[in-house]
Amino acid sequence: MKLQVENLCKRFYEPARGEFYACNDISFEVGQGEIFGLLGPNGAGKTTTLRVISTILKATSGSAHLGDIDIFKDPDAARRAMGFLSSSTGLYERLTPREILTYFGRLSGVAEPALKEKIESLFQALDFKQFADARCGKLSQGTKQKVSIARAIIHDPSLMIFDEPSTGLDVLATQSMHEFIKQAKSEGKCIVFSTHIMSEAEKLCDRIGVINDGKILAQGTLSQLRELTGETYLEEVFMALVRKYELVK
Amino acid sequence: MWLVFKEVYLKDLKHSFRDKDVFIYTFVVPALLYPSLLVGSAELVMFKADSESAKSITYAVSGPTDKGLEQIDAILQKRKHFKKVETKEADKDLADGKVDAVLVRKDNFIELRVNQLLKVATLASTINDNVSAAYLQELTEAFASKGFAKENSQGFAIVSQNITASGNTQKVAGSLVGKSRLNKLENLSPTLCLLIFSLLMLGLGAAYPSIAVTAEEFERNTIETSCLLPVSRSMIMLGKVIAVSTFAAVSGLVNFVSMYAVAALVLSQAKLFPRFTGEHLAFNLHWSQAIGLVACYLLLALLISALMIFATSFCRTVRSAQQWTTFPLLIILLLPPCALFPNLELNYRTMWLPILNCTLMLKAIFSGVPFNYTFVVVTYVSLAVSFAALSLARIFLFEQVDPGAAFGRAVDGLAHKIKKKETRA
């Protein structure tokens with residue numbers, strides 16, 4: 001399945017700022033087995049963009065399609081085909097990983113005999129079987145993130161959205177997160193990934209969209225971005241694009 | 001669709017039940033604290049009554065006397081509780097507080113008038129209890145000896161005199177001889193009082209679970225994962241409100257059972273309430289009344305839970321929800337006891353006021369009022385208010401609408417329009 005986002009806008013209101021666009025005219029495409037990275041500083045509009053695509057927020061304007069599914073017109077069908085993972089694990093503290101996976105699996109439409117097997121295989125694959133019946137509130141941050149990953153993929157989605165997934169994780173947990181993203185790519189999943197860590201984007205992404213002030217300043221492969229700016233390192237590429245945008249503004 | 005409801009209901013039930021705050025407020029507080037307070041209050045009342053009964057009650061005889069009045073006067077003089085005082089203006093002295101009571105013949109009725117001030121009214125009740133318990137036989141015999149038959153005899157009653165309302169008298173205690181003329185206050189059964197007081201626990205029992213299913217979901221960001229589920233958000237809301245209602249109903253029920261047990265114990269031991277015995281706590285309900293009471297109780301649990309979910313859906317953290325819900329909770333807690341006012345009944349006016357109307361319906365069903373149109377209106381009003389509250393809560397929870405920002409936006413829009421109008425003018 002292919003993700004197509006066109007002219008996506010999301011307007012917010014804050015008493016102090018009045019009305020403003022958190023993402024403004026965002027367009028990009030992500031193919032099957034491809035990792036597209038949204039790279040930008042804090043407050044650039046990465047999370048809002050991903051939340052709108054994942055139907056958590058309603059778009060002010062624009063469209064998004066996942067294969068034949070119009071994400072905004074048929075959100076339930078889109079939700080069945082996507083998994084969302086953010087840095088905040090979003091787990092019920094007083095439920096166990098097994099209870100959480102059963103709950104999300106059933107509500108995502110996974111049939112009962114297959115669900116049990118799927119849960120067991122996820123425990124094995126992500127290596128947290130020993131914590132399967134402990135309450136989530138008592139788990140370490142790394143284990144919580146593993147449970148969160150399992151929850152996001154329990155229904156085998158074809159689109160995976162990762163919103164700064166390695167924030168707050170230690171080196172080992174970050175490493176296993178990267179491994180998981182690579183594995184999802186090898187399984188042919190379509191992956192959208194947001195980060196403000198340059199090295200992470202450089203290491204994982206097939207194509208990168210540099211985002212600032214709610215707008216995509218440039219997008220392409222790393223070599224295309226280098227060519228566009230004349231810089232070598234991604235950090236310098238990013239700074240050059242931001243400076244250019246500020247000048248135009 | 002029902003699978004969604006079932007899953008959400010069980011998940012919220014399990015998740016909330018494991019919260020120690022919910023556990024304490026749903027089971028421990030209603031089971032222990034309020035019954036303990038009931039015992040404490042009963043002890044206090046008994047202590048107060050003992051000290052009051054130790055004092056003698058001064059009384060004067062007013063107006064012309066006859067044999068019946070003299071007989072009563074003689075009976076009272078024999079008792080240590082009563083001390084006769086000679087006065088020329090007995091009614092004035094009663095109003096001035098110089099005497100506690102005035103014995104008077106009114107038509108063919110003998111009254112012991114007492115001041116209606118709260119302290120004295122309590123005293124009147126005590127007097128009546130004393131008289132009714134100890135002197136009933138003596139009085140009956142006295143009347144019989146004077147030729148008054150039991151069936152259609154002249155009565156003796158303790159009445160309170162409202163000194164501020166131009167001599168109007170209002171009886172606060174029952175007559176002893178002849179046909180019983182109990183007022184509405186006396187019609188309130190202790191069981192009904194306990195039932196209405198247990199409604200307070202519906203509010204307290206719903207408070208913490210409603211915080212757990214709304215504000216805590218925002219704090220832990222689990223609301224985001226719920227938003228990503230390919231299911232109807234209305235069914236998620238239904239699962240949440242039924243889970244909270246379950247906690248509220250269980251909390252109220254635990255409270256009622258424990259208070260009922262304690263009340264039965266207190267009444268069986270206390271000499272203070274000779275007119276109340278264990279029999280007064282007995283349920284003498286028709287099966288249709290019992291079904292009506294259960295339905296009404298559940299309807300109230302649903303309504304209060306929906307209102308609490310609405311109130312907590314404004315909040316984004318548990319702490320802010322705990323602070324913010326104090327005021328709505330207070331209102332919810334204050335409404336049910338209002339149904340205990342003797343003159344407040346379910347009618348075409350009160351049936352529109354949520355919570356109070358349900359409580360009055362409960363009172364009406366308990367008192368044996370037959371099914372009528374007001375019951376239907378109350379049910380519709382309660383369901384409509386619950387639906388409206390949950391619909392708004394659904395918007396605040398799932399549409400990521402920040403009520404503060406929405407309000408600010410509306411105010412800004414209004415200010416902008418006014419400014420535009422002024423500029424045109």
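**Close-up views of a predicted model**

**View 1. Helix 9 against the sheet of chain A.** Helix 9 (residues 234-248) of chain A lies across strand 3 (35-39), strand 9 and strand 10 of chain A. Its direction runs at about 40° to strand 9 of chain A. As in every view here, the model is predicted.

**View 2. The open sheet of chain A.** In chain A, 6 strands form an open sheet with mixed pairing, and their order is 6-7-8-3-9-10. Strand 6 (82-86) and strand 10 (215-220) of chain A are the edge strands, each pairing on one side only. On average, neighbouring strands of this sheet are turned by 15° against each other, direction ignored. Helix 8 (residues 222-229) of chain A packs on the sheet, where it touches strand 9 (207-212) and strand 10 of chain A. The direction of helix 8 makes about 110° with that of strand 10 of chain A.

**View 3. Strands 6 and 7 of chain A.** Strands of a sheet pair through backbone hydrogen bonds, either parallel or antiparallel. Here strand 6 of chain A and strand 7 (residues 159-163) of chain A pair in the parallel sense, over 5 bridges. A:Gly83 has A:Met160, in strand 7 of chain A, as its bridge partner.

**View 4. Two residues with positive phi.** Most residues other than glycine have a negative phi. A:Asp25 is not a glycine, yet its phi is positive, near 60°. A:Asp25 is in strand 2 (residues 18-30) of chain A. The place of A:Thr55 is the loop between helix 1 (46-53) and strand 4 (61-66) of chain A. With 21 C-beta neighbours inside 10 Å, A:Thr55 counts as buried.

**View 5. Where chain A meets chain B.** In this interface, 23 residues of chain A are in contact with 22 residues of chain B. On the chain A side, strand 1 (3-14), helix 2 (75-80) and helix 3 (97-107) each supply at least two residues. By class, that side has 10 nonpolar, 5 polar and 8 charged residues.

**View 6. Chain B.** Chain B has 17 helices and 6 strands. Of its 425 residues, 38% count as buried. Among the contacts in chain B with a separation of 6 or more, 77% are between residues 24 or more positions apart.

Note on methods. Residues numbered from 1 in each chain as written. Chains lettered and ligands numbered in written order. Predicted model: local features only at pLDDT ≥ 70, side-chain atom pairs only at ≥ 80, totals over all residues. Helix = DSSP H or I, 4+ residues; strand = E, 2+ residues; numbered from the N terminus. Buried ≥ 20, exposed ≤ 12 C-beta atoms within 10 Å, placed from the backbone. Contact = placed C-beta atoms within 7 Å. Nonpolar A, V, L, I, M, F, W, Y, C, P; charged D, E, K, R; others polar. Pairing = 2+ DSSP bridges. Axes fitted to C-alpha atoms, helices over the stretch in contact; angles between N-to-C directions.
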